[in-house]
Amino acid sequence: MEDTINVENQIVDNNNYSLENCEYKEDKWNYGIDILRMISMAMICILHTLNQGGVLSHCNQNGIINWNQYYMSWILEIATFGCVDIYALISGYVGSSSKFRISKILYTWLEIALYCIGITLFFQIKYPDLIVEGTWRKAFMPIIFNQYWYMSAYIGLMILMPFLNMGLKHLDNKFLLFFSIFMLVVFSFLPIHFKQSVFGLGWGYSLIWLLLCYILGGTIKKIDFFSKIPFYVGLLMYVLMVGLTYLIFRTSKTTQEYVNYNSPTILLSAIGLLICCSKIKINNKVVKYILKLFGEATFAVYLIHVHPLIWAKYIKLYSQTFHMTDNPGVFHLFLMIMLGSMTIYLGCTLIDIVRIYLFRLIKVKKWFGYIDKLYDKIPIVN
């Protein structure tokens with residue numbers, strides 16, 4: 001049986017997934033989307049450094065604000081806040097035209113469980129005092145106990161993908177375009193403008209918002225609306241939306257209403273990056289291989305550094321190691337933020353590359369492929 005690799009619903013033959021065979025399905029593989037995944041995960045690391053890392057809180061200590069540090073940090077915050085929207089848009093952009101595979105859900109669950117159990121075991125040995133009642137139960141059932149809000153929502157999205165794809169396939173393009181505009185107004189602009197989290201949106205921290213972004217990403221792919229828009233227009237759209245969000249932030253008395261996942265300007269900035277990166281063409285074999293490998297590893301960067309034990313022990317307020325008490329200059333602080341964020345990103349990526357090669361060695365996806373065969377034989381499915 002053919003062994004496959006599925007990276008966010010992009011399927012390649014594992015036998016051809018090598019440096020020498022990077023031309024495999026070259027016309028179908030969008031390497032720009034892998035680049036966008038990497039950018040999105042790097043943005044998540046920066047976002048967590050600014051917030052949970054303690055940079056923003058340091059800029060406003062005891063009511064005394066270092067304005068230069070404060071505004072630089074918030075520009076970074078706004079520029080990276082579209083990361084979750086990007087991931088959901090990619091899922092729809094790529095997954096809406098892919099065949100549903102139950103093995104994808106199982107593989108994702110296995111990866112989540114592996115890191116939850118492995119990290120908990122590490123802490124059980126090294127920091128046993130941090131293991132409390134219920135920790136192991138959550139490690140074995142991370143989705144049920146909502147260890148990661150995004151992963152719990154994403155697994156729900158994966159279960160609903162075949163139904164969403166069926167709708168995207170059969171609905172008229174004009175209707176999908178109308179629905180996308182309607183969604184932007186009703187689920188994004190109005191709630192943000194009136195500062196109300198309605199329809200269970202949770203300011204974008206919800207399955208509902210991921211579903212809406214998935215539909216939007218699938219619609220963009222189906223109607224091919226941006227096919228003739230050049231690379232720089234998408235980049236310009238991103239810059240303008242980030243600039244508009246920052247302008248609203250600077251002038252608004254309530255400061256943060258437009259800095260949310262379901263903010264229209266944040267969503268449009270994410271769409272701008274999707275347009276921009278989808279235009280990127282890669283020809284070098286080595287670069288293709290690295291992009292595929294690093295693109296697959298992005299998922300684990302989130303799983304590792306956002307794990308509650310890692311989060312509490314290493315991530316929370318870790319920016320204090322930047323010697324922020326010495327009141328660093330803006331450029332120095334910027335460099336420290338980027339260095340800290342990229343250390344998280346690359347460290348977690350290297351850990352997962354080991355996991356990727358181990359899974360290939362024991363042919364995990366090949367065994368899950370047998371489950372796909374059994375699933376495809378169910379009469380009601382076909």
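The chain has a mean pLDDT of 84, and 87% of its residues reach 70 or more; pLDDT is the predictor's confidence in each residue, from 0 to 100. The structure is a predicted model, in which local features need pLDDT of at least 70 and side-chain atom pairs count only at pLDDT 80 or more, while totals for chains, interfaces and linings use all residues. Residues are numbered from 1 along each chain as its sequence is written, and side-chain values use heavy atoms, with hydrogens and water left out.

Helix 7 (residues 149-170) packs with helix 9 (residues 207-223) at an angle of about 40 degrees, and their axes are 9 Å apart. Axes are lines fitted to C-alpha atoms, for helices over the stretch in contact, and angles run from 0 to 180 degrees between N-to-C directions. Contact means heavy atoms within 4.5 Å. Residues of helix 7 including Tyr150, Leu157 and Leu164 meet residues of helix 9, among them Leu211, Tyr214 and Gly218.

Isoleucine 143 lies in the loop between helix 6 (135-140) and helix 7. This residue is buried (under 20% relative accessible area; exposed is over 50%, partly exposed in between; 1.4 Å probe, protein chains only), with a relative accessible area of 17%. Beyond its neighbours within four places in sequence, isoleucine 143 is in contact with Trp109, Ile112, Met151, Ser152 and Ile155.

Conventions
Helices (H or I, at least four residues) and strands (E, at least two) are DSSP runs, numbered from the N terminus.
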